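Colleague: Please take a close look at a single part of this model. Then set the helix packing beside it.

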Amino acid sequence: MGAADEYDVVVVGGGPTGENLADRTAAAGLRTALVEAQLVGGECSYWACMPSKALLRPQAAAAHARAVPGTEVGAALDAAAVLERRDAFADHWKDDDQVAWLRGAGIELFRGHGRLAGERTVRIEGGPTLTARHAVALCTGSVPDLPDVPGLAEARPWTNREATGARQVPRRLAIVGGGVVAAEMAAAWRSLGSEVVLVLRGGHLLGRMEPFAGELVADGLTAAGVEIRRHSEVVSAGRSGHVVLNLDDGSVIEADEVLYATGRRPHTGDLGLETVGLEPGGWPEVGEDCLVAGVPGGWLYAAGDLNHRALLTHQGKYQARIAGSAIAARARGEQPDTARWGVHAASADPAGPPQVVFTEPEAASVGLTLAAAERAGLRVRAVDHDLGAVAGAKLYADGYTGRARLVVDLDREVVVGATFVGPGVAELLHAATVAVVGEVPIPRLWHAVPAFPTVSEVWLRLLEAYRDGR
């Protein structure tokens with residue numbers, strides 16, 4: 001093995017997490033290699049965040065314009081134009097710009113499937129074997145986890161990749177699942193003209209958010225024409241010219257395509273974990289700095305979806321910055337600061353990461369729900385306010401409907417959770433994230449004056465509700 005195959009850091013996986021981790025170590029002066037089998041930029045750039053939001057934005061823009069008298073907006077979207085814009089946001093599934101960025105950052109790219117091959121070693125299928133002086137970082141993410149339903153393989157279900165990258169609008173689309181992907185894709189394809197039926201195993205959408213968030217989003221989907229089947233389960237499937245789904249209540253759904261959005265599993269089945277004493281196919285256990293537990297020598301890291309701390313692109317990038325800084329610190333012979341909110345601790349993960357569901361209405365949350373806070377043993381109180389009653393919301397759209405909630409830790413008098421549901425609420429979320437992560441005391445929040453007339457004035461109304469015991 002020649003010297004050219006030795007690096008300070010080897011990153012396996014070139015999605016947003018891998019890119020950010022490699023950038024952080026390269027910026028610290030560590031010679032860094034990145035190994036990617038598919039497109040640099042990963043799931044988010046080509047099959048998730050960017051194309052899905054490009055599909056959803058036209059619907060939201062049209063809905064908001066229609067809610068203001070004096071605007072003229074057609075009843076239907078131009079599906080071809082929406083798909084063309086989606087293609088542009090996915091860079092037409094080419095990674096030239098991402099590769100150029102890597103080159104500019106001083107990161108060397110290796111194309112191919114990389115596997116661990118023992119301590120500090122990564123073997124690339126059909127390529128060289130790389131060794132790392134300081135660290136190997138696994139950033140290979142997650143993949144769809146399809147259930148064991150008889151006939152499902154024959155039905156050729158869509159996953160998020162097909163749902164965000166489809167070239168044609170299906171006349172009939174069935175969606176199985178109740179999470180973010182299911183809700184967003186139901187909204188997107190319905191807005192482009194598909195007849196959409198959404199099959200929920202339970203009774204609620206968006207089960208990780210406050211219950212009212214799922215209900216308001218479900219109301220929005222129903223108003224748009226999506227049929228929601230609650231407490232239903234697919235017991236068998238097939239395809240004979242079209243998809244056939246047999247439900248547990250004896251009913252049958254026929255569709256042109258079916259999207260399964262029922263969860264994710266770690267992309268670790270063929271990553272060589274067994275060569276370092278770990279179980280293939282599982283979620284690697286990591287510390288606050290994303291250092292993998294159970295591997296002697298302190299050299300193996302796992303960041304992003306792979307470690308199951310928070311399956312969100314922005315949290316993966318956050319973990320990447322944390323892990324990259326920790327690797328650089330150890331390379332300098334320093335002890336990383338992994339105390340809560342330390343520079344090398346991904347403390348925002350357990351505190352509750354921010355998340356937006358880009359349906360109409362939008363749902364945005366950060367921190368703990370009321371139920372999660374109570375399960376954690378905190379003495380908390382929820383304060384709610386009608387978003388539509390705020391002056392800024394009335395100006396935003398006629399008939400604005402929404403709701404806001406803060407979850408307050410009564411012992412410390414800090415906000416530990418916030419949820420907003422309504423048109424355009426995504427841009428309210430970062431203020432709540434700062435309040436939660438910064439543990440800003442309620443008395444200090446009174447001094448954070450919201451501009452009038454904005455939707456953000458809901459913060460004042462929520463503080464008043466807290467003060468008045470409502």
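Colleague: Where is serine 142 found?

Modeller: A word on the basis comes first. This is a predicted model, in which local features need pLDDT of at least 70, side-chain atom pairs count only at pLDDT 80 or more, and totals for chains, interfaces and linings use all residues. Residues are numbered from 1 along each chain as its sequence is written, and side-chain values use heavy atoms, with hydrogens and water left out.

Serine 142 is found in strand 7 (residues 142–144). Strands are DSSP runs of E with at least two residues, helices are runs of H or I with at least four, and both are numbered from the N terminus. Serine 142 has a relative accessible area of 7%, so the residue is buried. Buried means under 20%, exposed over 50% and partly exposed in between, with a 1.4 Å probe and protein chains only.

The side chain of serine 142 makes a polar contact with the side chain of aspartate 305, at 2.8 Å. Such a contact is a pair of N or O atoms within 3.5 Å; within protein, one must be able to donate a hydrogen and the other to accept it, and residues adjacent in sequence count only if both atoms are side-chain atoms. Neighbours within four places in sequence aside, serine 142 is in contact (heavy atoms within 4.5 Å) with Arg264, Arg265, Pro266, His267, Asp305 and Leu311.

Now the helices. The axes of helix 1 (residues 16–27) and helix 10 (residues 313–331) come within 8 Å and cross at roughly 25°. Axes are lines fitted to C-alpha atoms, for helices over the stretch in contact, and angles run from 0 to 180 degrees between N-to-C directions. Helix 1 and helix 10 are therefore roughly parallel to each other. That label covers angles under 35 degrees; over 145 is roughly antiparallel, 65 to 115 roughly perpendicular, and the rest oblique. By class, their contact has five nonpolar, seven polar and three charged residues. Ala, Val, Leu, Ile, Met, Phe, Trp, Tyr, Cys and Pro count as nonpolar, Asp, Glu, Lys and Arg as charged, and the others, Gly among them, as polar.

A further pair is helix 8 (residues 180–191) and helix 9 (residues 211–224), whose axes come within 10 Å and cross at roughly 20°. That makes helix 8 roughly parallel to helix 9. Ala183, Ala186, Ala187 and Arg190 in helix 8 meet Val217, Leu221 and Ala224 in helix 9. This contact has six nonpolar, no polar and one charged residues.
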